[in-house]
Each structure stands twice: as structure tokens, then as C-alpha cells.
Amino acid sequence: SIKRRSNVTGLFESTWQDISRHIKKWGKIKYEIDATGLHRFRFANNQIVVDNSEGLFNPEDDDASLWYQNGVQQRSLLKLESGFVAQTLGADGIWDNTEFPLNANWDTVNWDEANWDGVNTIFTGMIYGDINLSDNNEVALKIAPLTQIFRDYAATNLSGLGSLTAEQFMQKVRDHTDGSGNLIFRPFFSDTTTNWNIASTTNNYILTAGSEALRDQTVWDVMERLAEAENKTVFVDKDGVFNFSSRDVATTVVSYEFYGVGSHNTQYGHTIKEIRSYGQAISKLYNRVEIKYSEADTLTSLQVRESTLAVSSDNIPWLFGQKTLQIENVWINTATANSIADSLFNEFSSLKKEISFIASFVPHLTIRDRLSITYDSSPFRNESLWDRNYWGTASSNALIWDASKGDAIRLLNKEMKIISIEHDLDRFETNIAAREA
């Protein structure tokens, strides 16, 4: 669905326009965390391909275009929705077809009511980039996340700058106007403060228009730097809600259970198609964390947490070498530097496993969701085969071979957190990378 802008006011129309019947290729929607920096979110820009045989996606000056007598195509809002039906066991012991995401409605009873837009949104962003016509009557619409509007605005152009907390800066962005009372950023977020989730903070930062801190910085640059200084994350979620919130995911509730080879579950079914990789993430092992929070090149400008190296069979620095995770941000104060050093050391100083796999289409999951995995690729079971009658006796297991292990992957309700997720909307697959919880 799209929302166009008025060619009079420049504001978005109030209702979404369904363009699903014109879409030929839906493309992929991918979210990642830690790809460009610790606890930083990234959306891999995508494109959808539409049928333009009727000229509906021609430029706005063409009377056949959907944008005719509206504003330009660029930065029109775009929302993608999807879901699936799976059999689930209810509290009453009865199996039923349940729509995921839950509470999506999908107008199962009242076909004359517009209940199709429950909570089944998997992406909210905008059309952004070159839109070219071709002689095959197809148009590729490039899409970008809503964070792009912050990347396209210089931080020094914000009003009301000065000594501000991170919370106040986010609020200044939310309420920023063009000088004539017209909001600049809020229209992209349903023109309401409800879609701005801003955590409370107390530390003050010198953020003036002429300060070096804001020189050559976009609004998004400052947001990410403040998030790092406050030990938080900043992102826009799939529903188009702005979030400046804690890095830690407090929930321990498993959002979905995955089952593959060697496992069976009547509720979730067999959803793992292929495990691409599984093993220890040695590249993300850091037994020394160094936070530089002052410009002076002295030891007092650092907060360091590290494991003591000792020659031992279980000493991490001795076994894997001393690996340092460095962060430099002079906006961080001493107390926060302590907190960041502690949390990062606790998270990365122990060796954790990561997995990458292809699953059936599970569109309601997103990064940081918790999941469990059950999978057993071993074709043999202990004490089952392996020439028992010749090599051992019925009363002795001494000569019975153990289960064949090799490269077998055995996971039993292994809980992990999603760090990357890609929904392939054409193949109806979900590609997931997850880290041990």
C-alpha cells in the first residue's frame, strides 16, 4: 500500500492505497543488528517491481499515473503486509487455523469490513531513489526505511539547540517545524506523537548549531552517537514506530519454535529447510573491552574490562588470544562508560554459537526476537546398529560403537536471539541468523 502527498499541502493522504494487484516481484525485506556497529540497526534497501502496462506508475505529470494531481512519487509512504495460516492447539484442546501475526483479523467473518490491516505489517518505509520506465512495462520502485528522512536533514538546521539531554534532542526532532508551524518529521510517523517511543535520559550534551559536535552531521548521525553515549539503540520498527530505547531485550519469552531434521512437532511443524552454518562465533569473541570517553590520550580517558591471561586449559585469552573491542565516543560520561564496558564485556567475553538457516515463511518475526531450535542431523542412534551381534554381547555395551557424529548438528530447544532476518516475499522463505541467548 502507498500514501501519496498532496500537491497543495505536501502532506500525506489519510488512507492507504492498495497496489498489491500491480506488484510482479515483492523482493526481500532484511533487517540486521551489529552489521555496521554494535547495537546499530540496518535495513538492506530493497525494490519491488510493478506492472506498468496501464501507466499507473508513470511520473506525476502523466494523467494515467496514480500520482496525477498529487505530489511527486519520491518519499511516498509504502507499507508491506504479509502473513500465513498455521494449525495451532487452543486452550480448549481444539486445533484451529490461526493467522500469524496474531490478531491480524484478515476479515475472516465480516467480508464487507476493512479489517485487513491488523498487525501483519512487515515493513513501513518510503519510495526512494530513481524511478525509470522501460519498454517491458515494468517499473522498479526502490524502497528505503523511514530513517532515511533523518539522513537527509542536516543536524545544524534543527531549532532549539543548546544544552540538551538525548531525550530532549529526540523530542526536538519529533516536534521540529519548517518555521511556519508545519511539522517536518512527524508526518512520516502518522502525524502523531504516539509513534515516537523515546526513553528518558538525564545526561546533558552541548548541541549548538555552531558546535564541532554537529559539524557535517546529519540528524541520524547525531541520533546514533547519542544512542551509543546513553547505552541505547535507535531504530524505526516494521510498524513505522520510532524507537530510542534500551539495548537489552528484557523478554525471555520464545516468540517462535523451529523444528528440522530429526524432530517433529504437531504445533509448529517442520519449518527448517536448511542450516547454512552453525558454530562458535570466534570473530565476535572479545575478552577485553576498551571505552574511550575523553579526548585526552591518557589511561584516565579509558574504561577497560578484561580477562586475566593465564596459561591454562580453560583460560579464554590463552586459548584464543587477547581480542579487544574498542569504542570511542567523547559524549559518553564516566558512569555510562562503566555501564557500557560492563554490559559489552558480559556479552562478548564468553564464546557463543551462531546459526544461519533457511526456514518456511515466518513474517511476524524480527531482529532481537527470541526463538528456540530443535534439530538432529545424525542418522544413527547409540546402541541401535553397528554390527552388535558380532562385536559385542547383549549384556555388554563395551564394544558397541557410539552414535555417528561427524558434522552432525544436534540442537534441543536451543534458545537464540535473531541478529539478522530476511523475508523473501517471492519464494516465501525466511532467512535467519541468530546468536546464542
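Predicted model: local features only at pLDDT ≥ 70, side-chain atom pairs only at ≥ 80, totals over all residues.

User: How are two packed helices described, and what are the values for α2 and α3?

Analyst: In general, two packed helices are described by the angle between their axes and the distance between the axes. Here helix α2, which covers residues 166-174, packs with helix α3, residues 219-229, at an angle of about 155 degrees, and their axes are 10 Å apart. Because angles over 145 degrees count as roughly antiparallel, that makes α2 roughly antiparallel to α3. The crossing in which α2 passes α3 is left-handed.

User: Which residues of α2 and α3 make the contact?

Analyst: From α2 the contact is made by A166, F169, M170 and V173, and from α3 by V219, V222, M223 and L226. Sorted by class, the contact has 8 nonpolar residues, with no polar and no charged ones.

User: Is α3 mostly covered or mostly uncovered?

Analyst: Helix α3 is mostly covered, as 9 of its 11 residues are buried. The buried residues of α3 include V219, V222, M223 and L226, and also W220, E224 and E228. Just after α3 comes N231, which takes a positive phi of about 60 degrees.

User: How should I read a pair of aromatic rings, and how many aromatic pairs does the count come to?

Analyst: A pair of aromatic rings is described by the distance of the centres and the angle of the planes. In this model the count comes to 21 aromatic pairs. One of them is formed by F43 and F123, which are stacked, with 4.8 Å from centre to centre and 20 degrees between the planes. Since F43 lies in strand β4 (residues 41-44) and F123 in strand β9 (residues 121-127), the pair ties together parts that are 80 residues apart in sequence. Both F43 and F123 are buried.

User: What kind of pair do Y153 and F185 form, and where do they lie?

Analyst: The ring centres of Y153 and F185 are 5.3 Å apart and their planes are at 80 degrees, so the pair is edge-to-face. Y153 lies in the loop between α1 and β11, whereas F185 lies in the loop between α2 and β12, so this pair ties together parts that are 32 residues apart in sequence. Y153 and F185 are buried.

User: Which residues do ring pairs link into a cluster with Y153 and F185?

Analyst: Ring pairs link Y153 and F185 into a cluster with F150, F189, W196, W220 and F242. Of these, W220 is one of the buried residues of α3.

Terms used
Residues numbered from 1 in each chain as written. Heavy atoms only, no water. Axes fitted to C-alpha atoms, helices over the stretch in contact; angles between N-to-C directions. Helix = DSSP H or I, 4+ residues; strand = E, 2+ residues; numbered from the N terminus. Parallel < 35°, antiparallel > 145°, perpendicular 65-115°, else oblique. Left-handed = near helix turned anticlockwise from the far one by under 90°. Contact = heavy atoms within 4.5 Å. Nonpolar A, V, L, I, M, F, W, Y, C, P; charged D, E, K, R; others polar. Phe/Tyr/Trp six-rings, centres within 6.5 Å; stacked < 30°, edge-to-face > 60°. Buried < 20%, exposed > 50% of the residue type's maximum accessible area, 1.4 Å probe, protein only.
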